[in-house]
Each structure stands twice: as structure tokens, then as C-alpha cells.
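Have the model open as you read.

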Amino acid sequence: MEFKPDICMKRSFGVVVALCLTATPAASQSQSVVPRLAEIMGRPASELAPVVDRFSNDRESIRRRYDASGSPAQRKRMREFYNEWSSRLAELDFDKLSQEGRVDYVLLSNYIKHQLVLLDRQAAQRSETASLLPFADKLLALQDVRRDLAPVDSRRAASTLAAAAVQVDSLRAVYEASATAPKVNRAVANRAADNADTVRNIVGRWYRYYDGYDPVFTWWAKDPYKKLDESLTRYVKTLREKVVGFKPAQAGGSANEGPIIGDPISRKGLEEDLEYEMIPYTPEELIAIAEREYAFSLSEMKKASREMGFGDNWKAAMEKVKNSYVEPGKQPELIRDLAREAEAFFAAHDWVTIPALAREDWTMEMMSPARQRIAPFFLGGDLILVSYPTADMTEEEKLMSLRGNNPHFSRAVVFHELNPGHHLQGFMAERYNTHRQLFGTPFWHEGQSLYWEMFLWDHGFQVKPEDRIGALFWRMHRSARIIFSLNFHAGKMTPDQAIQFLVDTVNFERANAEGEVRRSFGGQYPPLYQIAYMIGGLQLRALHKELVDSGRMTERAFHDAVLEGGPMPIAMVRTRLENLKLSRDGPAPWRFGDDLPPPIPAGMR
């Protein structure tokens, strides 16, 4: 996309673009994006990079081979794989490695340990659903035997299918009689329904491999398979309706419909995942950090509200901001202009390297209405997905989307998704230390993008009170995410309470709040994902204080080093950049929150 100087100096949505990207012919553009090759050659590399690559490739091979998710053979083989790799890694002479090699050693060792923790967690979850899925292992083992390339015993396989169908029907009858059915936790029942669907799909793939190609198999198995498939379908429907609480029309279990159940991992799970992310804080301490950050945002929100003439009634001021949405069909132009404005703002300063190709290669698509139900705001990366209403939405859905994606909210986060946020992260991760993509963590990805939101706040990017309200909406939102997600996984807050919490404390549109909570607890994201935005951002903010505010690194050197080092827990980013001592067990605990630089109020920037 070309961005012409005559349009970039105009006042667009109340914002003056200070510096523009000069439009150039395509030919000269393509020449300008080629870097100096001498800058690429000879970069110091970790001697463990090929080791990490080998681990990643071997793991993918095993995953392809053992493709019956959760089967006995798959569980056994993955545990063996991680234990074997852990033993091999321990054979290396850690003291002879370079600092980059030690970093990769710790990252890989930490990764393997956590995968074993997750296998144990899955085993515990499997024991919780065992009484609801007693047939699962025998059915999944059919695919394991096929992957062993063993000849199929058609008659025996048909008997396995028939016996499973009888067992499934008996269980369904128990839960159909809801008055006498045993009590089952809704989260466990929902997990069992999802797992039963997985079993049904894997058995279907197994059956279709033989059906018709082996006439003896089809002769024996056709009828038992059909009955089992129907029995599993009815059983899943019964679990979701009678136990979980889906309405009949929602019993298919779509991620976009029905009650939000989630699957809390408990305090123990939170502690395990925080240890993996090298965050030496309790959930309660992290919630206290979030509450402190929320208090700052609320104070600044009231200041902006007063400037707009609403006194301390910041929700009224936000209502005015929400109703500033552009007319239908104009959202792509808004997002384009806001993205170019952010790139121009960064081009005017020496903060971070955004290669010319990274400004040229991102694209835009519209988000489907179905996806907007769980992702009510636009998303970004190698492309930006614009969330905006379509003609087929209801009037309420249209207004929710219009108001939630107004120019001031959008201006505060377009750069979070594109440059220097997720798009630049992906661009650099594909070019520097590519082996470390294995260690990707939302504390690096989302934390870095949130860090840029705080950084631009500190540097006066948001001048108008409406723009400050837009930025503070997201900042409050990220604080709220820490509070409701940690409380949910610790068993202290329900999804419905989380929705109301977003409405009350951040002034979310209710439908957007529901989409956010559905997204948080629907299983698409790991348990700590929602806290990673602000906590990762605060970690980087603390590291910036140590290295840049102290004069030890320039802004550009610091930000480029974070990107070029590749994804990893932020404590390991700190270890790399400060060349801190490492042992096989990792870095010393870093209490980043104990000495954070204070947020800068708008009047002091």
C-alpha cells in the first residue's frame, strides 16, 4: 500500500500525522528492503541452536506418528521422548557453553520439564473423566495399532466397536435420567464431551482407512461402526444438555454459543505455569500489581473525563468516545491510516528498527461474524483482521461492534497488532534465532505489544482526552484480565462474574465482555495468556529501567536486542542482555515488580 505525503499531513480522525512514509515506485521499494548482507553474516550464534532444532523436528515426527490424541501409546511415547531428551541434555558440559548456549540449554530444559508437568496434569484430568469415558482408551488404541502397520483383525475390531456402543448407550441412559444421575462437575463433563468428540473423530478416520478397501473389514465393521458413531453423537449431546447446561440448539458445543464453562487448572496449576514462565510471584501478588495499575488508569481516566466536561463520570465520557465510530464500510480505511500514523510516529524517533519490508508486507482481511463473537476487537500479526459489523448481524450486534472498535480505542492498539507489535515480532522471529520460536510465550509476544502501549503513553502519543480514554480503556482491560483470569483458575470467580467484572470496572459492552471471557476460557489459549499482556509489559518496563534509563543501552539497541534475541520468558531476556550468571536450573529469581518505574501521568509527560 502506498501512503502519499499529501494525505498524510491532513487531519485524520482528529489526529495530525507528523511524519509520513514517502511513496516510492515498486521497483525502488523492492531494492530498498534488501539489507546489507555483511550485517547478516558472522552474527554470534548459540552452539545449541542445532540441538533445539533437532528437538523440535524430532517432536513433530513423533506427533505425526502418534496422531491419536490422548491414546495410551501416544501418552507413553511422548513421556519417553521428554525423559530421554532430559537425560541427553544433562550430559552436556554446561560450564563450557557460551552465554547464548547456556540460555538455550536453560530454555530447552525448562521447556521439557514443563511438558512433563503438563502430561501429569493431563493424566489427572483424565482420571476425572474416566467414569464418563471408560471406552476411550480401547477405541483410541485402534488407531495406534493401525499406525503400527499391523494387519487389522476385522472381527475383533467389530467386537470392540459393538461393545463400546453398548457401554456408551448405558452411560447415556444414566445421565438421561437426570433425577438419579450422579453429580458431575460441569467443567469435567464439558471436558468429557469434548474428549468424546475427539474419540469419535479419530475412530472415524480409522474406520475410513479400511472401509471399502478391505471388503472383509467392511463386512464385519460397517454396522457396529455406524451404531457407535450414532451412540457417541447422542452421548455428547446428553452430556452437554443434561450435565453442562447447553440448550438443545447449542448442544453441538460451538465455541461461539452456549454457556461459558472453562476448565480451571487450580492454584497448583497456576504455580506450575508461573514457575515455567520464571515469575517468582504468587497469584495474589500478581493481582495486587494489577490492582495498582488499575488505580493509575482509573485516576488518569477521570482526568480525561474532566477535560471532556464530564467531571469524574468517566463512564459517560467513554460513552461519548464509543459513539464516535466511523460509518459502516469505513473501518478498513481507519485502520490503514492509524497504522501508517503509528509507523510515522516511530520513524520520527530512534527507538526501534522497523525494516522497510516490515512496513510493506502486512495485509488486511475482514474477520468473520462467527469469529467476532469470541474476538470482538481486531487482531493482528502477518495480517490484520478487522472486526466490524456485517449486514447480516442483528442491530444490537452491529452497535456493539461499532462502539467497541471506535477510532480512539483503535488508535491505541493498531501498533500493538502491527508495527512495532505482533507483526514486527513475527517478522524478526523468522530472521533471528529462529530456533527459539519453540520457546514462544505470550509474556514475550503480548507483553512486548503491551509494553509499546505504555511506552507511547509515556512519550505523549495520546494528546487529546478522547485518545487518552481509548488508551486507558485497554490498560484497564489488561489489569482486569489479570484479576478475573487468576481468580477463575483459582476457583474464586465464575465466567459470569468475570463478564460482569469487565462491564463494571472497564465499561465493556456486554456482548464484547462475553466475547472476551469466552475467548479467555474457551480452551484456545493457555491459562496464563490473559495475564501475560500486562505482566510481560511490566517486566519489560522494569528491564528498560535497568538498562536504558541507567544509560547502559540506547533505546534502539535495547528494543532491537529484545526482538532479535527471539521469544522466551522475560527473565531470560534480562539474563541475555545483562549477561547474568546462569546455572543449569536457570537465572536467579527476579522480583521485577518490587522496583517498577512509576507510570507517567498525562500532565507530566
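Start in the loop between helix H19 (414–417) and H20, where proline 420 is found. The peptide bond joining asparagine 419 to proline 420 is cis, with omega at about 10 degrees. Bear in mind that this is a predicted model. The other backbone spot to check is serine 266, which has a positive phi of about 80 degrees even though it's not a glycine. Serine 266 lies in helix H11 (residues 266–276).

## Helix pairs

Two packed helices are described by the angle between their axes and the distance between the axes.

| Helix pair | Angle between axes | Axis distance |
|---|---|---|
| H13 (residues 314–322) and H22 (residues 465–489) | about 110 degrees | 10 Å |
| H23 (residues 495–506) and H24 (residues 510–521) | about 135 degrees | 9 Å |
| H12 (residues 283–307) and H25 (residues 529–549) | roughly 80 degrees | within 11 Å |

Let's take H13 and H22, which pack at about 110 degrees. Angles of 65 to 115 degrees count as roughly perpendicular, so H13 and H22 are roughly perpendicular to each other. Their crossing is left-handed. On the H13 side the contact is made by Trp314, Ala317, Met318 and Val321, while H22 brings in Glu466, Ile469, Phe473 and Met476. By class, the residues of this H13 and H22 contact come out as 7 nonpolar, no polar and 1 charged.

Now for H23 and H24, whose axes make an angle of about 135 degrees. That makes H23 oblique to H24. The crossing of H23 and H24 is right-handed. From H23, the contact uses Pro495, Ala498, Ile499, Gln500, Leu502 and Val503; from H24, it uses Arg510, Ala513, Glu514, Glu516, Val517 and Phe521.

Sorted by class, the contact of H12 with H25 has 6 nonpolar residues, no polar ones and 1 charged.

## The second largest pocket

Rolling a probe the size of a water molecule over the atoms shows where empty space is left. In this model, the second largest pocket holds about 840 Å³ of space. Its lining is made up of 30 residues, and Glu39, Arg43, Arg431, Tyr432 and Glu564 are the ones that lie nearest the centre of the pocket.

Which elements give two or more residues to the lining of the second largest pocket? They're helix H3 (37–40), helix H4 (49–65), helix H15 (356–360), helix H20 (422–429) and helix H26 (555–565). H26 provides the largest share of the lining, 4 residues.

Note on methods. Residues numbered from 1 in each chain as written. Predicted model: local features only at pLDDT ≥ 70, side-chain atom pairs only at ≥ 80, totals over all residues. Heavy atoms only, no water. Axes fitted to C-alpha atoms, helices over the stretch in contact; angles between N-to-C directions. Parallel < 35°, antiparallel > 145°, perpendicular 65-115°, else oblique. Left-handed = near helix turned anticlockwise from the far one by under 90°. Contact = heavy atoms within 4.5 Å. Nonpolar A, V, L, I, M, F, W, Y, C, P; charged D, E, K, R; others polar. 1 Å grid on protein atoms, 1.4 Å probe; cavity = no way out; pocket = protein on both sides within 12 Å on 5 of 7 lines; lining within 4 Å. Points joined across faces, edges and corners; volume = space filled by probe spheres on them.
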